[in-house]
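Good morning, and thank you for the time on today's agenda. I would like to walk through one structure with you, so please have the sequence and the view at hand.

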Amino acid sequence: MPDTSTGVVVIGGGSTGAGVLRDLALRGIDAILVEKGDLASGTTGRSHGLLHSGGRYCVNDEQAAIECVEEGRILRRIARSTVEDTGGYFVSVTEEDQAWEPRFAEGCRRTGITCERISVDEARRREPALSKHVRTVFWVPEDGHLDPFYLVVGNVESARRRGARVMTHTEVSGFLREGDRLTGVRIRDSKTREEGTIACQSVINATGAWAGLVARLFGVEVKVVPVKGTMVVLSRRLAHAAINRCHKPGDGDIVVPGLSVSILGTTSAKVPHPETLPIEWDEVRRMIEEGAMMLDGVTTARAMRAYAGVRPLYDLGAEAEGREMSRNFAVIDHQERDGIKGFTSIVGGKVTTFRLMAERVVDVAARYLGVSTPCTTAEVPLNDRDEPLDQLRHRPSVLGVPKPHDEEPPLQPLLCECELVRPQDVAPWFKDPAVHDLEDVRRRTRSGMGPCQAAICSYRLAARLVTDRGVDGPTATRAMADFLETRWRGVRHVFWGSQLRNMQVTTGLHMELYNVDRQLMLDPVAGTSPPPLAGEGRGGGLAQEPAEVAAQR
Amino acid sequence: MITEEFEPTTDTVEEEASVEACTKCTACNTVCPVARSTDIFRGPKALGPDMERFRSPQEAAVTPGLDLCSGCKLCEVTCPSQVSIQEYIRRAQNQGAREKGRSLRDWVLGRTRLLGKLGSMTAPLANFGNSNPLFRVLMERFVGIHRRRPLPKYQWLTFERWFRRHPRPVKPRRKVAYFYGCWVNYNDRRLGERAVAVLERNGIEVVVPRQQCCGIPAVVNSNMDLARRYGQENVRHLTPIVEEMDIVASSTSCGLMLKHDYGHLLEIPGSERLGAKTYDIMEYLWMLHEAGELDLNFETVPMRLLYHAPCHLKSHGIGYPAMRLLKLIPGVKLEEVDEGCCGISGTFGVKVEKYDLSMKIGSRLFAAVKAAGSDQVLADCETCRMQVEHGTGATSAHPLEILARAYGHG
Ligand SMILES: Cc1cc2nc3c(=O)[nH]c(=O)nc-3n(C[C@H](O)[C@H](O)[C@H](O)COP(=O)(O)OP(=O)(O)OC[C@H]3O[C@@H](n4cnc5c(N)ncnc54)[C@H](O)[C@@H]3O)c2cc1C
């Protein structure tokens, strides 16, 4: 691994790290983002995808609610292609929910959240799937869907266009130091374990739930409590707006329309390590039961997979000295607190508030570097150079405007039929060195995320690995198998009904028709190992336990 | 009624079928006659269940090629998971037409009964126009009906009027109601006459209840609302009748509407009972045979015949009763062509932009028919017969006509 140097090393390729990289680039600061898996493969890619209007926090956490309101409005301006303006409902199902209503309405009023009470009939006219249990409905137009993958990729691409660099599948494994001054980081290729260094003036630790583990590499403590949440993906949109339970935030009380799917969530449980994400059957059942309280069809729709993410909850009690920017995220200036010059951490927060978090932490880092250029991320649109980030939105129309038949060109084949991904949507990513495997392609294009869970697109994508990337057959076969394997990890939690039948078709196709398992035995590829859990994105499931966790048992 | 005495052969498809049931096995695409013939059609899987995930009451998601679905329903017949592929496509077509508006042509083609009324009232004139080359060029230009597509001849005397003057048989054993459809009424009365003759020969009194167009032309011309109106009318007229007798239809598509689509596609309340009591005429006659009631005193019919099974007949899920029946007739040498869809699909192959495709779809069938050198090609569906004649120059007939002949009727 060649050694290199830069101004700032950003650790972590989630929404926070991506936002930080773009902020730095817009301020003209040279930076490299280092991510041990793929972009958005950590918590961000496993979030619920709700662009919070703030309604969920307006009673218990005013500061967070206000941040959501403001950031939501900014994101709709600067990141149009990643936001779907679904609007949202807060619905009461029980008497306790109804008792919460006055506080909710008051909270919205205080924090400036647009909110309107509408009749249940009117709500049901707009959302026919609203369950018969629903008693009262509030309409919150500023709830939305935020596509976490496009958001991260969009931020990183915007930064790259301004000279920033990214290194995916590269882990920060240590640091370089001269006295009390940080001079660089040690890096390691996550797959080959090859090592190298990046010399720099400053490091921003944006590793979310991993922030404590990374800080420990630098010899300081950041208290992050990893709190796991499980979500269940249904194969289609039952409602077109986000549906929230109107009550004290709890388990299973949000259904988010994520483009073509509905995502039920979420649970909440402390875990010993950010990579310990077992999904319990009980959680899956609970998500479905709770979702069914608000929406009809939840129990009969096809559950496609379950996945889990881990919240980077910042333990404020222990950080009384910390630079507290809000109750929800914290910027920790390690120079001030621990005497390490050039090291800053940013933890907590939400995808919705990533931009603000980036702004605050880069303010600190920039001051250290003596750069006084102000933050402009709230003004400059993400897509300022017309990159077709929103290529997958409203996909039926993407397929082209109908023409008279004699003029109609032959249809291009689709690569992923479920998510309508065309060859040209995928092609650029095969040229991107930051893209390593088919999972990385999935995060950028949604290939493999539909009801067949990659049964069909996996072999087409593997073929593109050969034609577009020049890998050999056995390697492509292995990549295909790995891709199917990561899909399988999430699907196996919802193994009933049509999903079960679908997986039997998948098995028949790949094992019996293509003989993939036999092919893998005949052509073992040297040096390959099962994909790491961190590279899994919307996967979830029980991975091998990290050694340090196992040791604690 | 015959129904009580037989195992019901109507639709036993699970009600559960939905978009979620699609396992992407692709069986539907492999049987789709349109997908096989053009690369601008994405196939039933894509336009049905795949696209359905993206459709919403708010967005029609009219995708290119959606109108190329000819409505043959082979996809649904084939689907191992009983996904209502056709219904998704039909609804999307309908919604698209509702938003964009319908062309004059599609407006007219959806109203077969109106067309029939006008055509039969002005029969000589209509037939002259329909076969006049100059007129056809204008028709293609301004209406969008392909100039080479032969159009059905209209007859002055409709089946309805003929039947009114038809004497009732004495002492019938059973009664059955005949759903003759627009075709028999306005274009092919003689088929209706034979249907009546065959039924009466077997001691069955034929009743002709008031009826409207079954609605399938409206469905395939993206006007489900109109189809539903027609359907509701039929349900109103026919429901009281099915309490006393079964209904038979001599057109496979009409029969399929009554049996299946009123309930499933058009969701007309109260249509289930009607559906359960409706039979294809050949299916009904076969049931009669199984009950030992079919008159088997056939005259020898020394003919070499080819049988083409219409797509919509396959949708009935009753096998090929016509083949079974005709094999009872001495002298008949009957073979199935089995070369797939003829391509016309009702009004589909009439349209200027679809004519070539329709002929291409039928080309395998045409070649096989030409090679077989038979006396006649049989098909239960009227437009299949038109298409086979057009594509091959052969003559064609409804299988019932052979049966009638064996009973000594022309
Ligand atoms: C179940 C759940 C649901 C949620 N739903 C929502 C929601 O609907 N809306 C919303 O706004 N927010 C939501 N959140 C919160 C939101 O997802 C997180 O706050 C946010 O994604 C955190 O982003 P991040 O960039 O800080 O962390 P991450 O996305 O986890 O990024 C950190 C990255 O650092 C990498 N990393 C770790 N160690 C190293 C190392 N040594 N070297 C290099 N890289 C390293 C990791 O691989 C990871 O990719 C949800 C969270 C959870 C858990």
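This is a predicted model: local features need pLDDT of at least 70, side-chain atom pairs count only at pLDDT 80 or more; totals for chains, interfaces and linings use all residues.

Let us begin with B:Glu160, which counts as partly exposed because its relative accessibility is 21%. On this scale, buried means under 20% relative accessible area, exposed means over 50%, and partly exposed lies in between, with a 1.4 Å probe and protein chains only. B:Glu160 forms a salt bridge with B:Arg113, and the closest N and O atoms are 2.8 Å apart. A salt bridge here is a side-chain nitrogen of Lys or Arg within 4 Å of a carboxyl oxygen of Asp or Glu. B:Arg113 lies in helix H7 of chain B and B:Glu160 in helix H10 (residues 159–164) of chain B, so this pair ties together parts that are 47 residues apart in sequence. Helices (H or I, at least four residues) and strands (E, at least two) are DSSP runs, numbered from the N terminus. As for B:Arg113, its relative accessibility is 12%, so this residue counts as buried.

Residues are numbered from 1 along each chain as its sequence is written, chains are lettered from A and ligands numbered from 1 in the order in which they are written, and side-chain values use heavy atoms, with hydrogens and water left out.

How many salt bridges does a search of the whole structure find? Over all chains, the search gives 68. Another of them joins B:Arg189 and B:Glu193, with the closest N and O atoms 2.9 Å apart. Both residues belong to helix H12 (residues 189–201) of chain B, where they sit 4 residues apart, about one turn of the helix. B:Arg189 counts as buried because its relative accessibility is 17%, whereas B:Glu193 is partly exposed at 22%.

In chain A, A:Glu439 and A:Arg442 form a salt bridge whose closest N and O atoms are 3.0 Å apart. These two lie in helix H12 (residues 438–445) of chain A, 3 residues apart, about one turn of the helix. Both A:Glu439 and A:Arg442 are buried. They also take part in a network of salt bridges that links A:Asp38, A:Glu439, A:Asp440, A:Arg442, A:Arg443, A:Arg444 and A:Arg487.

I turn now to two polar side chains of chain B. B:Gln155 is in the loop between helix H9 (133–142) and H10, and is buried, with a relative accessible area of 13%. A polar atom of its side chain lies 3.2 Å from the backbone oxygen of B:Val184 and one lies 3.1 Å from the backbone oxygen of B:Asn185. Such a polar contact is a pair of N or O atoms within 3.5 Å; within protein, one must be able to donate a hydrogen and the other to accept it, and residues adjacent in sequence count only if both atoms are side-chain atoms.

B:Asp295 is in the loop between helix H17 (281–290) and strand S5 (304–307) of chain B. Is this residue buried or exposed? B:Asp295 is buried, with a relative accessible area of 19%. A polar atom of its side chain lies 2.9 Å from the backbone nitrogen of B:Asn297.

Next, the ligand. It is surrounded by 36 residues, the closest being A:Thr16, A:Glu35, A:Thr44, A:Leu50 and A:Thr352; a residue counts as near if one of its heavy atoms lies within 4 Å. By class, this shell has 11 nonpolar, 20 polar and 5 charged residues. S20(A) supplies the largest share of the shell, 4 residues. Taken alone the ligand exposes 1000 Å², of which the protein buries 96%; accessible areas come from the Shrake-Rupley method with a 1.4 Å probe.To complete the description of the shell, Ala, Val, Leu, Ile, Met, Phe, Trp, Tyr, Cys and Pro count as nonpolar, Asp, Glu, Lys and Arg as charged, and the others, Gly among them, as polar.

B:Met121 is exposed, with a relative accessible area of 56%.
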